[in-house]
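Q: I have a sequence and a model open. Can you show me how to read the sheet and the helices?

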There are 2 protein chains.
Amino acid sequence: MLSEIQNRRSIRKYKNKDVEKEKILQIIDSARLSPSGSNTQPWNFIVITSETMKEKITYADHSQSWMMTAPVFIVCVADIRCRIDSNVTIWLDENSPEPELKQIIRDTSIAIEHMCLQAEHLGLSTCWTAWFNQKDLRPILGIPEDKYVCCVLTLGYNDELPKQRPRRPLNELIRYEKW
Amino acid sequence: MLSEIQNRRSIRKYKNKDVEKEKILQIIDSARLSPSGSNTQPWNFIVITSETMKEKITYADHSQSWMMTAPVFIVCVADIRCRIDSNVTIWLDENSPEPELKQIIRDTSIAIEHMCLQAEHLGLSTCWTAWFNQKDLRPILGIPEDKYVCCVLTLGYNDELPKQRPRRPLNELIRYEKW
């Protein structure tokens, strides 16, 4: 098994230690190499290190206070404009029915998980968080209403070593030839 | 850069060579280790090797004839029942507005990309395909209408070495502190 897949954990306690800028760029570069439908590359990333911004984002993200231990947040934003013309007025939120929204969530999620595994590769840790509403989070960052925030990824050096959480057994996940 | 991320390509031409069953299981095991919201693990996988089934699936997947060169398809199915009680009647398709559908697409996409990278790790190749409609594909496999097929992943030994497709430059993807 790829050791980054085996060893990755969602980390909710980080050391008080900055992340090297070069490593942040390498991590985002791993997202850049992701596959996406028709190579549309809907992903955009906002790197947050300001304490004030982290506080506001954490508040919108259900006040998960552990988040503030992370030196870096990466706000991961999917842009539907790679699929829908910018002349078409559109607002997106958790209840939007647009098929293209499902596609950009899929593709941006792929890119985000590349970042999680690349971070692990560099000795760093991450946690996906998404306990926010679009309408609360977007204004904090000035994100337009036609964009969709898939995740606020926390990033830093881990200060805990949690055990692997339980998983459904393999034979329960797999079927052959039909449902 | 993690070499599996660097070297992965979407492969659309495969060698006429079966994939070892043990490797298929290792690949699906890598999906099993994925993170998911509240550890809900919505993913399910149908392994297809029957030529008849592959033909039917390919037909539903926009008749992309290259798909038939792949010895294995893995049909990746997200199950909303980890988030919505089974007493609630629900049908899902590309136009469904349910927020939980967005969450299970996100989480299943993470798991699928783990499989792509683990396949690369084992010397195998993959391609995400999703040029189908739920209503066409699900009946072929007997998948209930409350499940959502995220992807038909092709899997096999590659018989082409495509160059990396162009990507948006890093500085276009990254913002700092705000949109």
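Q: Across which strands does helix H2 of chain A lie?
A: A caution first: this is a predicted model. Helix H2 of chain A, residues 21–32, lies across E1 and E2 of chain A together with E5 of chain B. H2(A) runs at about 165° to E1(A).

Q: In what order do the strands of the open sheet come?
A: Strands of a sheet pair through backbone hydrogen bonds, either parallel or antiparallel. Here five strands form the order E3(A)-E4(A)-E2(A)-E1(A)-E5(B), with mixed pairing. At the edges sit E3 (125–129) of chain A and E5 (174–176) of chain B, each pairing on one side only. From one strand to the next, the twist averages 25°.

Q: In which sense do E1 and E2 of chain A pair?
A: Antiparallel, over six bridges. E1(A) spans residues 43–48 and E2(A) spans 72–79. A:Trp43 stands opposite A:Ala78 in E2(A).

Q: What lies across E4 of chain A?
A: Helix H4 of chain A, residues 99–121, lies across E1, E2, E3 and E4 of chain A. H4(A) runs at about 10° to E4(A).

Q: Which residues of helix H3 of chain A are buried?
A: An α-helix has 3.6 residues a turn, so residues three or four places apart point the same way. In H3(A), residues 51–60, the buried ones are A:Lys54, A:Ile57, A:Thr58 and A:Ala60. They cover an arc of only 160° around the axis, so they fall on the same side of H3(A). They pack against E1, E2, helix H5 (134–141) and E4 of chain A. The face turned away from the buried side carries the exposed A:Glu51 and A:Thr52.

Q: Which residue with positive phi follows H3(A)?
A: A:His62, with phi near 65°.

Conventions:
Residues are numbered from 1 along each chain as its sequence is written. Chains are lettered from A and ligands numbered from 1 in the order in which they are written. This is a predicted model: local features need pLDDT of at least 70, side-chain atom pairs count only at pLDDT 80 or more; totals for chains, interfaces and linings use all residues. Two strands pair if DSSP finds at least two bridges between them. Helices (H or I, at least four residues) and strands (E, at least two) are DSSP runs, numbered from the N terminus. Axes are lines fitted to C-alpha atoms, for helices over the stretch in contact, and angles run from 0 to 180 degrees between N-to-C directions. Two residues are in contact if their C-beta atoms, placed from the backbone, lie within 7 Å. A residue is buried if 20 or more other C-beta atoms lie within 10 Å of its own, exposed if 12 or fewer, and partly exposed in between; C-beta atoms are placed from the backbone. The arc is that of the directions from the helix axis to the C-beta atoms.
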